[in-house]
Amino acid sequence: MNAFAQTVANWHDFYHVVGDAAAALMGLLFVSLSLNADVIARKANADLRALAAQTFTSFICLIMFAVLFLIPDQGKLGLGLPMLGIDLIVLFVTARHFLEAIRKRARPWGRGQLALRFAIPVFCLVTIFVVAITVLLGQTGGLYWFVPVTILLIWDASLNAWDLLLRLREPHRELEVK
């Protein structure tokens with residue numbers, strides 16, 4: 001095994017835990033939203049659907065990156081290209097979720113508060129983009145940046161999930177108008 005593959009293999013346990021945690025949290029979010037499907041499906045809650053979609057996207061992103069690091073004997077192209085591809089796709093999806101949430105917000109959230117919900121994932125994704133480029137160049141020092149990125153993504157997605165649960169229990173304007 002070459003030095004690059006050995007360095008990536010050293011991250012195995014970390015990403016095993018990250019993947020398990022993200023999958024468990026995503027499953028809990030899925031169950032929670034399923035139990036409130038009638039509320040989340042209301043037209044007045046389009047902003048919550050966008051936030052829920054972004055939260056799922058963050059958890060899925062973490063799972064996909066964890067899977068990449070669990071593949072044995074990774075080379076710089078085998079790790080760097082999928083990292084770059086996943087990152088760009090998730091960045092695009094995150095931008096779409098943000099624009100949808102801004103366009104359809106029904107809650108008294110300020111644009112700043114809503115933007116913050118999406119700024120953290122964007123910051124993480126930009127950082128991952130830089131790390132993916134360094135990996136493609138055969139450097140592994142940037143892999144340590146995945147630690148704060150992972151912590152931030154789990155923290156942000158967990159806060160979003162909590163906020164979603166609380167907001168789904170608020171009185172709904174659609175019901176009050178009738």
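Predicted model: local features only at pLDDT ≥ 70, side-chain atom pairs only at ≥ 80, totals over all residues.
User: Why does Leu 152 count as partly exposed?
Analyst: The classes rest on relative accessible area, found with a 1.4 Å probe on protein chains only: buried means under 20%, exposed means over 50%, and partly exposed is in between. Leu 152 counts as partly exposed because its relative accessibility is 26%.

User: How many helices does the protein chain have?
Analyst: Reading from the N terminus on, the elements of the protein chain run α-α-α-α-α-α-α-α. The chain has zero strands, and its number of helices is eight.

User: What is the mean pLDDT of the protein chain?
Analyst: Of the residues in the protein chain, 91% reach 70 or more, and the mean pLDDT is 87.
Over residues 173-178, however, the pLDDT is below 50, although this stretch has eight contacts in the model beyond near neighbours in sequence. For the protein chain taken together, then, the mean is 87.

User: Which residues does Thr 57 touch, not counting residues up to four places away in sequence?
Analyst: Thr 57 lies in helix H4, and H4 is mostly covered, as 18 of its 25 residues are buried. Thr 57 is itself buried, since its relative accessible area is 12%. Not counting residues up to four places away in sequence, Thr 57 touches Val 90, Val 93, Thr 94 and His 97.

User: How far apart are the end C-alpha atoms of helix H4?
Analyst: The expected span of a helix is 1.5 Å times one less than its number of residues. Helix H4 covers residues 46-70, so its 25 residues should span 36 Å. The model agrees with this, as the end C-alpha atoms of H4 are apart by 36 Å.

User: Which helices do the buried residues of H2 pack against?
Analyst: Helix H2 covers residues 12-35, and its end C-alpha atoms are 35 Å apart, which agrees with the 34 Å that its 24 residues should span. Its buried residues include Tyr 15, Val 18, Gly 19 and Ala 22. The buried residues of H2 pack against H3 (37-40), H4 and H7 (146-168).

User: Which helix gives the most to the nonpolar patch?
Analyst: The patch on the surface is formed by Leu 88, Val 122, Val 126, Phe 129, Val 130, Ile 133 and Leu 137. One of these, Ile 133, counts as partly exposed because its relative accessibility is 33%, and its place is in helix H6. With five residues in the patch, the helix that gives the most is H6 (residues 111-136).

Definitions and conventions. Residues numbered from 1 in each chain as written. Heavy atoms only, no water. pLDDT = per-residue confidence, 0-100. Contact = heavy atoms within 4.5 Å. Helix = DSSP H or I, 4+ residues; strand = E, 2+ residues; numbered from the N terminus. Patch = residues over 30% accessible without salt bridge, like charges linked within 9 Å, V, L, I, M, F, W, Y side chains within 5 Å. Areas by Shrake-Rupley, 256 points an atom, 1.4 Å probe, with all protein chains shown as cover. Salt bridge = Lys/Arg side-chain N within 4 Å of Asp/Glu carboxyl O.
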